[in-house]
Amino acid sequence: MTGSLVVVGTGPGKAELMTPATQTALARATDLVGYGPYLDRVPKRAWQRRHASDNKVELERACHALSLAAAGRRVAVVSGGDPGVFAMAAAVFEAVEAGDRRWRDLDIRVEPGVTAMLAAAAEVGAPLGGDFCAISLSDNLKAWSTIERRLKAAAEADFVIALYNPASKARPHQLGHAFDVLRQVKVKDTAVLFVRAAGTADAKVVATALGAADPSCADMRTLVIIGASTTRQVGRWIYTPRSEREVAS
Ligand code: SAH
């Protein structure tokens, strides 16, 4: 097997937020595989083949990419943000685990990218300055009861919580349910940030409190950050202090 496969993340959107290592990997590839809008972020090269697919068929796409690599092609699988965060890198390894045993001998690499949570945090200040966690609200691949259990546990542990996939046309009600779960544990004035199109020229921030948070502020390009009890505002910025030690009196 002489081909190779690299899974890259193109960052949140803006060209400058794509890493040089990812740009190099993309320039070296003979074949690009990915969801159409992510492939559109890659400069066109006449000699490269593009295999655009629908967003939903991740495992199929991963198998296709692995068979191309097994046939000797230099394949780049293109994700948004970071490829390891709710994205294609894990899909590739799932496909390796379930597929042709020879795929385990392929040259497979992952190039990191700037994930939405980091770009969103940077838009508002430093809300991820203390301990935080990330939860995807999509129940396509896990039960809603699992999501509820994790939301409750994260709220009880006073993590800052980054919510990926807060809403889509097929799942319009889940963010409202998630807020209901969080309101049972966290106080009403907990900071809630809706950051849409973070790390792009169209970035938009809505900063509010858990008691007033309106789930319709989020769509599938929004990252929602729920503050910890220490998350606060200073001037125009929102941050979570690094220290949680009591100030000695
Ligand atoms: N691998 C991606 C995440 C894929 S899940 C990453 O690392 O960023 C898709 C979800 O990511 C979206 O529903 C949204 O919640 C979030 N997202 C992706 N790009 C975003 C952006 N530019 N601004 C805000 N949220 C974004």
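Student: What is the volume of the second largest pocket?

Tutor: This is a predicted model, in which local features need pLDDT of at least 70, side-chain atom pairs count only at pLDDT 80 or more, and totals for chains, interfaces and linings use all residues. Residues are numbered from 1 along each chain as its sequence is written, and side-chain values use heavy atoms, with hydrogens and water left out. A pocket is an open set of points, on a 1 Å grid over the protein atoms alone, where a 1.4 Å probe fits and where protein lies on both sides within 12 Å along at least five of seven lines. With grid points joined across faces, edges and corners, and with volume taken as the space filled by probe spheres set on the points, the second largest pocket has a volume of about 170 Å³.

Student: Which element gives the most residues to the lining of the second largest pocket?

Tutor: Lining residues are those with an atom within 4 Å of a point, and 14 residues line this pocket, with Ser-4, Val-6, Ala-25, Arg-28 and Arg-109 closest to its centre. Helices (H or I, at least four residues) and strands (E, at least two) are DSSP runs numbered from the N terminus, and strand 1 (4-9), helix 1 (20-28), strand 4 and strand 5 (107-111) each supply at least two residues of the lining. With 4 residues, the element that gives the most is helix 1.

Student: How does the lining of the largest pocket divide into nonpolar, polar and charged residues?

Tutor: The largest pocket has a volume of about 1,600 Å³ and is lined by 47 residues, with Tyr-38, Asn-55, Glu-58, Phe-86 and Asn-165 nearest its centre. Helix 4 (88-98) is among the elements that each supply at least two of the lining residues, and its 4 residues are the largest share. In the classes used here, Ala, Val, Leu, Ile, Met, Phe, Trp, Tyr, Cys and Pro count as nonpolar, Asp, Glu, Lys and Arg as charged, and the others, Gly among them, as polar. On that basis the lining holds 24 nonpolar, 12 polar and 11 charged residues.

Student: Is Asn-165 buried, partly exposed or exposed?

Tutor: Asn-165 lies in the loop between strand 8 and helix 7, and its phi is near 50°, a positive value in a residue other than glycine. Buried means under 20% relative accessible area, exposed over 50%, and partly exposed in between, with a 1.4 Å probe and protein chains only. At a relative accessible area of 33%, Asn-165 is partly exposed.

Student: Is Ala-197 buried or exposed?

Tutor: Ala-197 has a phi near 50°, again positive in a residue other than glycine, and it sits in the loop between strand 9 and strand 10 (204-209). With a relative accessibility of 3%, Ala-197 counts as buried.

Student: How many residues apart in sequence are the parts that Asp-31 and Arg-73 tie together?

Tutor: Side chains of opposite charge can pair when their charged atoms come close. A salt bridge (a side-chain nitrogen of Lys or Arg within 4 Å of a carboxyl oxygen of Asp or Glu) joins Asp-31 to Arg-73, with the closest N and O atoms 2.6 Å apart. Asp-31 is in strand 2 (residues 31-35) and Arg-73 in the loop between helix 3 (58-70) and strand 4 (74-79), so the parts they tie together are separated in sequence by 42 residues.

Student: Which residue in strand 13 is the bridge partner of Ala-126?

Tutor: An open sheet of 3 strands has the order 6-13-12, with mixed pairing, where two strands pair if DSSP finds at least two bridges between them. Strand 6 (125-126) and strand 12 (232-234) are the edge strands, each pairing on one side only. Strand 6 runs parallel to strand 13 (residues 237-239), and 2 bridges join them. In strand 13, the bridge partner of Ala-126 is Tyr-239.
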